[in-house]
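Please open the model in your viewer and keep the selection tool at hand.

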Amino acid sequence: MDKLARQLRDDALKIDCTISEELDERIRASLQGITPEPVQKPGATARPAWFWWASSLTGVVAATAAIVIINVQAPEPRPVAENPAVTPLVLPTIKWNAETAVLTSPLEQEIEDLQSDLKKAEEAVKQDIDRLF
């Protein structure tokens, strides 16, 4: 950076330019004529209490109008005629016979027994579903 800064200074010194009096006066006048704008703090503008009442009343009227419009335009519910051809689906009740597990053999044998019981139950459920449909 030092080399760049030095090169820029040298180049600036090599610039030979004369400024006319008229241009110098215009630049000076424009620099002196500029004044910074005063900083204005944004203040909270207090609104009268009737603004709150007006907005609340407007919200209530709008909500009431929406409810009335929706209720007026809603079609009356049609009575549903029962179709005698459709029978309701009746699911069979399952009798659960839960028993406490008693470990009488090694755990590997118990796991194999449980897996075979699950397969039997799965096949029974598939057969029941096939019979229903």
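A patch is made of residues with over 30% relative accessible area and no salt bridge, where like charges are joined within 9 Å and nonpolar side chains (Val, Leu, Ile, Met, Phe, Trp, Tyr) within 5 Å; a salt bridge is a side-chain nitrogen of Lys or Arg within 4 Å of a carboxyl oxygen of Asp or Glu. This is a predicted model, in which local features need pLDDT of at least 70 and side-chain atom pairs count only at pLDDT 80 or more, whereas totals for chains, interfaces and linings use all residues. Residues are numbered from 1 along each chain as its sequence is written, and side-chain values use heavy atoms, with hydrogens and water left out.

Select Glu 108, Glu 112, Asp 113 and Asp 117, which gather on the surface in a patch of negative charge.

Next, look for the aromatic pairs, of which the structure holds two. Trp 50 and Phe 51 form an edge-to-face pair, 4.5 Å centre to centre with 65° between the planes; rings of Phe, Tyr and Trp (its six-membered ring) pair if their centres lie within 6.5 Å, and planes under 30 degrees apart count as stacked, over 60 as edge-to-face and the rest as tilted. Trp 50 is exposed at 55%, while Phe 51 is partly exposed at 37% relative accessibility.

Finally, select Trp 52 and Trp 53, whose ring centres are 4.8 Å apart and whose planes stand at 80°, so this pair is edge-to-face. Trp 52 counts as exposed at 53% relative accessibility, and Trp 53 counts as exposed at 57%.

Notes
Buried means under 20% relative accessible area, exposed over 50%, partly exposed in between (1.4 Å probe, protein chains only). Accessible areas come from the Shrake-Rupley method with a 1.4 Å probe; for residues, only the protein chains shown count as cover. Lys and Arg count as positive and Asp and Glu as negative; His and the chain ends are not counted. The place of a charge is taken as NZ of Lys, CZ of Arg, CG of Asp or CD of Glu.
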